[in-house]
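Keep the sequence and the 3D view at hand while reading.

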Amino acid sequence: MRRESGGKEKQGGREMKTSRSFGRPEPWRIGNAFIIASMILSLSILSLIKLRYCSYPYGKSQAPSKLMVPTATNLLMVTDLQEDEDDEGNGTAVDMGKPICYETSKRSDTCDAEGDIRVHGSSRTVFVQPMSRRQERKIKPYARKNDAVAIANVKEWSLKASNSHHLPPECTTNHTVPAMIFSVGGYAGNLFHDFIDVLVPLFISSYQFHGEVHFLISDFKSWWVSKFSLIFKQLSNYEIIDVESEQESTVRCFPRVIMGPSFHKVLGVDASRTPTGYSIVDFKAMLREALGLERATAAPPEDEWDIRRRPRLLILSRQKTRKFLNERGMADMAMSLGFDVRIGQPDISTEVAKFARLVNSADVMIGVHGAGLTNMVFLPAGAVIIQVVPMGGLEWLARETFQDPAKELELNYFEYKIQADESTLSEQYPKDHPVLTNPYKIHKQGWNTLKSVYLDNQNVRPHLGRLRNTLMEALKHLPHNVTS
C-alpha cells in the first residue's frame with residue numbers, strides 16, 4: 001500500500017477513500033444541524049405564543065380603561081374573536097375591541113361600543129360594527145336591574161352585529177359625538193329614585209364628555225324630562241331625543257354608544273372608577289351650576305345686618321305619612337335657639353330649581369326618613385342634615401339611604417330616633433304588641449309588611465326637649481357663633 005496525492009490509497013488496483021471520510025462528522029455539519037433545529041423550535045414556540053395570546057383583543061397584559069375593566073366575576077359577555085359560522089372562509093380575524101357588555105355593579109349593566117353605530121329607535125335596536133355575533137345582547141338601560149317591580153316598567157333594547165351578511169339600515173342622520181341611551185321608567189317620580197337610579201348614574205357615565213354627548217331617552221315621560229331639564233342641559237350640549245317615538249325610517253349614526261348608565265353606590269360616586277377621578281362633590285358642583293345655587297359652603301354672609309347671618313333651619317313637611325304632628329311647636333322652639341326657620345313641603349309637582357334654592361339657603365335641614373331627604377344634595381358643604389328615624393328598627397334603612405352618603409356629600413349628619421310614645425303606632429296597637437315590642441318579628445314578614453306598618457301608617461310627634469338638644473348639637477357644627 002502506498003499513499004497517493006489527493007488523499008487516496010491504492011490496494012489491489014482499486015482506489016479506496018481513506019477512513020477519514022467515514023469517521024466522526026465534521027464540526028461545521030454539527031453547527032448547521034443545531035442552527036436548523038433551533039430555528040424550527042423557535043418557529044414552533046412563536047406559533048404557540050400567537051395561538052395563545054393573539055386571540056385576545058388587548059392581550060393578557062393590557063386592560064381596558066377604568067370604566068371598562070372586566071373581571072371574572074363581572075364580565076357578562078367576553079369577546080370571542082373566532083369567526084362566526086356564517087363568516088367562515090375569508091381566513092381573516094377581525095379585532096372586536098373591548099368587551100361590549102359588562103356588569104358595572106349589582107344594580108347596573110352597561111354596553112359600550114365604538115365603530116359604525118346605528119341606532120334604530122322605533123325598534124329599540126343598536127347595530128354595531130365591528131362586533132362578534134356572539135356578543136349580541138339585550139339590555140334594559142336602567143340602574144336597578146334586579147328589582148322586578150322597577151324593571152317591569154323599563155323597555156328592552158337589543159345590540160346586534162352588522163356585517164357583510166347582515167346589512168344594517170342606512171343612516172338618515174349622522175352625529176359626530178357619542179350617544180348615551182338610558183331609561184326614565186322604573187320608579188320615576190320618586191325623588192330618591194330619580195337621583196339614585198337615573199341622575200347620579202347618568203352623571204357617572206356622561207360627565208367625562210364635557211357636554212359632547214347626545215342623550216337618547218327610552219320610556220320617555222315629557223313631564224319628568226321637563227322637571228330635570230336644567231340638569232340634562234348641564235350634562236349635554238344637545239337637545240334631548242325621545243328616541244322610541246321616532247319614525248320607523250329614522251336611523252341615527254354615532255361613533256360610539258353607551259347604553260345603560262353605571263351605578264356605584266347610593267347617592268355616591270366612586271372616584272377611582274371614573275375616567276378622570278370626578279366624584280359626588282363634582283356632582284354637587286354641577287347641580288349648583290345647573291340650578292343657579294349660590295352657596296357652596298355653609299359660611300354666613302359677611303354683612304352683619306343680613307338676616308341670613310342667623311343659621312337657617314329648613315323643616316321638611318310631609319303631606320301623607322310620617323308627618324310631624326307638632327310642626328308648629330318645633331318651629332317655635334328652633335326660633336328660640338336663634339334659628340331663622342323655614343318650612344318646605346315638596347311634592348311631585350314642585351319645581352326642582354326653586355326648591356333647590358330654598359334648600360341651598362339652609363344651614364340645617366330636618367325631616368322624617370323619606371324621599372324628601374334626597375334634597376340634601378342641594379345643601380352647601382358643612383351644613384347639617386338631621387334624619388328623624390321612625391320607630392320600628394329602621395336604623396339599617398336610615399344608614400344605607402342617607403347616613404352613609406352624607407359624609408361624601410360633605411355634610412354633618414345627626415339622627416333623631418322616634419320612641420314609642422312619640423309615634424302614632426302606640427295609639428294603634430296594644431303596649432305588648434310585636435309592632436311595638438319586637439319590630440324584627442315584623443321585618444321577617446317581608447318588605448311589604450314592614451313598609452305598610454312602619455312607613456305607610458306612622459306619624460310622629462318628637463319631644464321638643466329632646467329635639468332641642470339635637471338642634472343645639474347641630475349649632476356647634478356651624479360657623480354662625482349663635483348662643484342660646
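Helices here are DSSP runs of H or I with at least four residues, numbered from the N terminus. The model is a predicted one. Helix α13 covers residues 447-455, and Val 453 belongs to this helix.

Is Val 453 buried or exposed? Buried means under 20% relative accessible area. Val 453 has a relative accessibility of 11% and therefore counts as buried. Leaving out residues up to four places away in sequence, Val 453 touches Leu 425, Tyr 429, Val 435, Ile 442 and Gln 458. His 443 is 10 residues from Val 453 along the chain, and the C-alpha atoms of these two are 9.8 Å apart.

Next comes a pair of helices. Two packed helices are described by the angle between their axes and the distance between the axes. For helix α7 (residues 327-336) and helix α14 (residues 464-475), the axes come within 10 Å and cross at roughly 45 degrees. The two helices are therefore oblique to each other, and their crossing is right-handed. On the α7 side, Gly 329, Met 330, Met 333, Ala 334 and Ser 336 take part, meeting Leu 464, Leu 467, Arg 468 and Leu 471 of α14. Of the residues in this contact, 6 are nonpolar, 2 polar and 1 charged.

The largest nonpolar core has 101 residues, and Phe 195 and Phe 378 touch the most other members. Helix α3 (residues 191-206) gives the most to this core, namely 10 residues. Beyond its neighbours within four places in sequence, Phe 195 has contacts that include Phe 228, Leu 267, Phe 283 and Phe 378. A second, separate core has 21 residues, among them Ile 117, Val 119, Trp 157 and Ile 181.

How values were computed:
Residues numbered from 1 in each chain as written. Predicted model: local features only at pLDDT ≥ 70, side-chain atom pairs only at ≥ 80, totals over all residues. Heavy atoms only, no water. Axes fitted to C-alpha atoms, helices over the stretch in contact; angles between N-to-C directions. Parallel < 35°, antiparallel > 145°, perpendicular 65-115°, else oblique. Left-handed = near helix turned anticlockwise from the far one by under 90°. Contact = heavy atoms within 4.5 Å. Nonpolar A, V, L, I, M, F, W, Y, C, P; charged D, E, K, R; others polar. Buried < 20%, exposed > 50% of the residue type's maximum accessible area, 1.4 Å probe, protein only. Core = buried A, V, L, I, M, F, W, Y, C linked by side-chain atoms within 4.5 Å.
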